[in-house]
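Open the model in your viewer and keep the selection panel at hand. The tour below goes from one selection to the next.

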Amino acid sequence: MAMVPRPPHEITGNMTEEEKEFWRQPDGLGYHPCIEFSIEYQRASARIVKERRRFLVAKVSGGVNQQRNQIVDAVVFARILGAALVLPFLKVNVIWQDNSEFSDIFDVDHFITTLRADIRIVSSLPPTHQIKRSTIELSIPSNVSPFWIRSKFMKQLDEDGVLVLEGLESKLSKDLPLDLQKLRCKVAFHALRFSSPILELGERLAERAWTGGPYIALHLRLEEDVWVRTGCSPGLGQNHDELVIRLRSARPDLLTDRLNMTHDGRRLAGLCPLNAKAVTWLLRALGAPGSARVYWAGGQPLGGELALRALKDEFPNLMSKYTLAFAGELEPYRNKSSVLAALDYIVALSSDVFVPSHGGNLGLAMQGHRAYAGHRKYVRPNKRGMAAMAETTGENMGQVVRRMHRGLMGEPELRTRKKGRDVIAFPMPDCMCRRRGSSLAPTFWPFS
């Protein structure tokens with residue numbers, strides 16, 4: 001199935017200049033996907049794709065976007081070690097108890113075919129190989145290089161014939177040699193396509209959202225565990241704030257960072273998710289009309305409808321996968337959080353404007369994928385600046401907020417401007433160029 005992006009909606013009709021500016025797409029400066037591997041990489045491929053003696057098994061965890069990141073790195077690990085890759089094993093999600101397998105979420109044949117010139121991928125270990133306890137590696141430090149990987153694992157892999165890796169999240173260096181950066185992009189933007197049932201349902205939902213006109217997609221991080229982990233308050237009143245405090249006290253290990261900061265300190269530092277009230281204020285300040293159609297992605301928020309009330313009061317045309325789906329369409333996936341997240345991904349990717357309320361794997365994946373597919377508008381909220389304004393009102397407020405977000409609207413941005421940036425979130429300049437590149441085109445867009 002060929003996947004071709006639909007262009008953003010043409011903005012017409014009676015709109016203010018601020019509203020037109022809100023829907024206007026950033027200038028992509030002529031950049032487009034450009035994945036061409038060096039002669040040395042191609043020569044090495046001739047040997048690596050024939051590997052039948054050494055195998056890498058990767059066990060990946062987390063939600064679907066964490067899984068995607070770890071699968072990308074598993075492919076790169078296999079390439080560095082010159083090993084064949086067994087289809088990654090998806091561990092049961094401990095929070096949502098989702099026991100989906102790789103083939104339930106991703107298109108296996110497409111994954112193998114797309115990467116056949118880079119590594120050999122097999123569905124299972126051959127009977128001649130067994131997983132030994134000594135082959136399982138859990139303690140991989142952060143920011144490891146190809147040299148470290150070869151030094152650490154090559155001898156063990158040669159002796160045992162199989163290596164099992166767990167805990168791959170954010171372990172591989174973000175600053176790899178160029179060919180390996182391009183391989184990351186090839187996996188993320190071309191090889192990892194959702195399975196046909198998910199893709200077909202996602203297309204239907206995206207079509208229903210898209211045909212109604214331009215729309216905004218929000219990734220709202222309002223779930224109970226998010227408030228507990230971030231050390232922030234949901235702002236829904238005393239009862240909900242106290243609930244979060246009790247849960248955090250019972251599980252202090254869940255607090256992810258900066259243990260001594262208060263909620264107000266975190267909020268002023270821009271470390272807290274934006275609640276619905278803050279997201280609403282941002283959208284209106286940026287010029288979004290009240291008639292705008294808004295799709296919200298994410299899990300069920302703490303507080304339910306109360307958590308979304310401020311958003312719905314200002315933007316009554318509020319949509320979600322639950323409202324776009326027809327009766328029975330979501331029923332097979334009721335307890336499949338990974339599938340529901342994948343549907344959100346597809347609908348959000350085709351939106352005219354995307355806004356995350358907090359960081360996270362979906363936000364970063366969406367940032368890079370929208371850039372790779374032509375720099376579709378992506379608003380990166382300046383949460384520190386917004387906290388300082390304290391939801392100011394006034395005639396010039398919109399101008400101040402728009403100025404504050406200049407350069408944070410999905411414009412082309414070089415990964416190399418800052419060390420340690422992930423190429424999946426910042427695909428320029430490693431995977432995008434201004435000259436005519438390879439014939440590879442994004443294959444993950446939800447419309448054929």
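Start by selecting strand 11, residues 353–356, and strand 12, residues 377–378. The two strands pair in the parallel sense over two bridges, where pairing requires that DSSP finds at least two bridges between the strands. Here strands (E, at least two residues) and helices (H or I, at least four) are DSSP runs, numbered from the N terminus. This is a predicted model, in which local features need pLDDT of at least 70 and side-chain atom pairs count only at pLDDT 80 or more, while totals for chains, interfaces and linings use all residues. Residues are numbered from 1 along each chain as its sequence is written, and side-chain values use heavy atoms, with hydrogens and water left out.

Within this pair, look at valine 353, which stands opposite lysine 377 in strand 12.

Now show the side chains of strand 11. Val353 and Val355 point one way, Phe354 and Pro356 the other. In a regular strand the side chains alternate between the two faces of the sheet. All four of these residues are buried (under 20% relative accessible area with a 1.4 Å probe, protein chains only; exposed is over 50%, partly exposed in between).

Then select strand 8, residues 215–219. Strand 8 pairs with strand 11 in the parallel sense over four bridges. Leucine 218 has valine 355 as its bridge partner in strand 11.
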